[in-house]
Amino acid sequence: MRGSWHVHRSLSSFAVRWRLRMTLTLALLVLLSCSSQTSDHRERLEFWALGSEGEAVASFIPEFERRNPDIHVVVQQIPWSAAHEKLVTAFVGEAMPDISQMGNTWMPEFVALNALDDLGPFVAASPVVKQADYFPGIWATNVAGSTLYGIPWYVDTRVLFYRSDVLAAVGFPHGPRTWAEWREAMQRIHDQKKCRWAILLPTNEYEPITMLALSNHSTLLTPDGTRGAFSQPPFAGAFAFYVDIFHKGWAPAVSNSEIANLYQQFAQGDFAMYITGPWNVGEFRKRLPPEMQDKWATAPLPASDASEPMGISMAGGGSLVVFRASQHKAAARKLIDFLSEPAQQVRFYELVGDLPARRTAWQSPLLANDKHFPAFRAQLERVAPIPKVPEWEQIATAIYDRGEAAARGTVPPAAALRQLDARADELLEKRRWMLAQARSRNAAVAQSRGGASR
Amino acid sequence: MKSTEARAALLFLSPAIVLLSVFFFAPVIAGFALSITDFDLYSIGDIHNLRFIALRNYGDLLGNPIFWTAFANTLYFALVGGPLTVAVSLVAALLVNAKLTRWKALFRTIYFAPVVTTLVAVSVVFKYLYHPRFGIINLALGALHLPQPDWLGDPHWAMPAIILLGVWKGFGYTMIIFIAGLQNVPEELYEAARLDGAGMWRQFRHVTLPMLGPTFLFVGVVVAIGQLQIFAEPYVMTKGGPLNKTLTMVMMMYEQGFKFWRMGYAAAVAFVLFLIIGAATLVQMRLREKQ
């Protein structure tokens, strides 16, 4: 009995010791593996950057980390085509990065998701980001209500590209300045058969119509973004101008995909004007034959009214945003500060070709002395955001769809605009309902407060 | 006695019942439930923004011209690509199964190979083959002095180009089923037909085809379902373009669901597609019954 007890005890004590040893070994292993992962004690900042910007930005990080030895930036490069889905999925799965690049047309969606951090206090305290140095139209794309959700990183807008030899031959060597001149120029090019068509406005792009409407001071949607404002005079006037270009035969009713080689066709005189963005400056230089290189130029969009210096183009580009759920907001803001420095902006332009968001950066001789970019610089002072509603992309599809129908003459312009309004109203129904809900909630709150005070 | 029998039956049926409920009935019911709400981006942000809207998604869908475009494109793909797949695979099966053919296993493997390739990888390869200037197809056409269409960029050619890929990718599978069907045809029938003086064509027409009846039903249903669900090929190669000419119903569902985050609306598209596939299957079964 005693012996068995003894044996039992020694066995159990052996088991205990063995278990202890195992536990210690395991704990040591865990500790070792942990320390090998976090051998640097720096704060880990996850940064999602998209496409070519994502490739280029990696080379900025060493300098940032040198200046901020306690921060380690992990750049996750995401292709543009997958970025939007990935960001929303990450939000749903609560796997957001701390900071991300974001196309500024996506901002309304993430604002609706309540995913973004308010950057107003950051800008108020930032030694680098000064609102006055940014283009107002671009800045506005980052503001929802009165809250700032993003800091412009690079900008993008569209201007008029034209064959300077053709436009000079019809009397507008510097390009048309107003809609009246524009019409006259197209008429002359058409009559004198200078080019096959005066202008190319691809019918599967909503941008040309939208820019004409912005130039004509249309808000596109009603100011609260709950209904279409397409039948109202500013949009209707721009739409008539657009449709007329096709009906007069100044532009072909073709889509992008029916243009086999844009550059070749521009060079051989298929069309004399085209509205496009900064990425095409490089393409035109590369792809137009050498003898064409001094025969094309850029100009700001023509003004709808002669009293204005130029038309109004669309505010595009990318911003840097910080996510609400981030645990490293201070570090994220340091990175924004760093990337917003004019010197870094110029370097970014050199690396990727993205146009800088800050006026100071544009003073760099690289841009200021360029032949084609000053037109963009001028235009950037007159850009406007497209309506900041998540439904915009679907409304945009309807814009070019109805625009094409009217351009081809299958639907009269007035009917097309009515259909466009109907479609927008249908898509924005949920917004109207939500606003009504919010209003009745506020009213209820006000009423209960009133009752309490009484 | 009765109740024990019933209980035993239930016990034996339960694995099937559980599997069916978990993997079929529950998702279908959940999908339908989603389709009668307006679950969207706003609802992801705040669930209080979710509304029950009965059949409004379906009403909107039927009034949306894009839906009809997607519907027409899907039918185009299924009605041209489906029969083409069946025809090509039947011909391939007859050739591989012919008595004169040597190295049967080799040919069977070669024709079956596309089935086991990765659809996305193959789509990327075909994108290169279809390249208007450097693609091997247009280089060959150019050498023969034939017109060289911009396969994936031209609204008229994009869908045929995708159908071609679909047929190439899919015919091997149905070919194997046809070979199995052909091998089940008793040799005596052919001998009897030959004694009656039937030539190759009449043997095929009056012996092979009728004997393949059940195989045709199976192949028809499987191919139809596969064709109506086409997604990856246009998603990788054209993104639904040019001019929505390759936008299919599943593409539309994907776009509405994961691009615009209108999950309720996307679920309605899915449910309509489910009904269409169900109807197509029923029609085929009825047709076979009549024969």
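Predicted model: local features only at pLDDT ≥ 70, side-chain atom pairs only at ≥ 80, totals over all residues.
**View 1. The open sheet of chain A has six strands.**
Let us begin with the strand order, which reads β2-β1-β3-β12-β6-β13 in chain A. The pairing in this sheet is mixed. Which strands sit at the edges? They are β2, residues 71–78, and β13, residues 355–356, of chain A, and each of them pairs on one side only.

**View 2. Strands β3 and β12 of chain A pair in the antiparallel sense.**
Strand β3 covers residues 99–103 of chain A, and strand β12 covers residues 316–322 of chain A. Five bridges link the two. To find your place, look for Ile99(A), whose bridge partner in β12(A) is Val322(A).

**View 3. Strand β6 of chain A is joined by bridges to β12(A) and to β13(A).**
How many bridges join β6(A) to β12(A)? There are five, and these two strands run antiparallel. Tyr154(A) has Gly318(A) as its bridge partner in β12(A). The pairing of β6(A) with β13(A) is antiparallel too, with two bridges. In that pair, Val155(A) stands opposite Leu355(A) of β13(A). Strand β6(A) is also mostly covered, as six of its six residues are buried.

Just after α15(A) comes Gly353(A), with a positive phi of about 90°.

**View 4. Ser340(A) is a buried residue in helix α14 of chain A.**
Why does Ser340(A) count as buried? Ser340(A) is buried because 24 other C-beta atoms lie within 10 Å, and the cut-off is 20 or more. Setting aside neighbours within four places in sequence, Ser340(A) is in contact with Val128(A), Val129(A) and Ile151(A). For a sense of scale, compare Ala406(A): it lies 66 residues from Ser340(A) along the chain, and 44 Å separate the C-alpha atoms of the two.

**View 5. Chain A is assigned two domains.**
Domain 1 of chain A takes in residues 43–156 + 315–380, while domain 2 takes in 159–314 + 386–433. Taken over C-alpha atoms, the centres of these two domains are 29 Å apart. Where they touch, 17 residues of domain 1 of chain A are in contact with 17 residues of domain 2 of chain A. On the domain 1 side, the elements that give two or more residues are α5 and α18 (374–380) of chain A. That side of domain 1 is made up of 10 nonpolar, five polar and two charged residues.

**View 6. Chain B has 14 helices and zero strands.**
The last view turns to the partner chain. Along its principal axes, the C-alpha trace of chain B spans about 80 × 75 × 30 Å. How much of chain B is buried? Of its 291 residues, 33% count as buried. Among contacts in chain B between residues at least 6 apart in sequence, 67% join residues at least 24 apart. The domain assignment of chain B gives domain 1 as residues 1–25 and domain 2 as residues 36–290. The C-alpha centres of these two domains of chain B are 36 Å apart.

Methods. Residues numbered from 1 in each chain as written. Chains lettered and ligands numbered in written order. Pairing = 2+ DSSP bridges. Helix = DSSP H or I, 4+ residues; strand = E, 2+ residues; numbered from the N terminus. Buried ≥ 20, exposed ≤ 12 C-beta atoms within 10 Å, placed from the backbone. Contact = placed C-beta atoms within 7 Å. Domains from an automatic or database assignment. Nonpolar A, V, L, I, M, F, W, Y, C, P; charged D, E, K, R; others polar.
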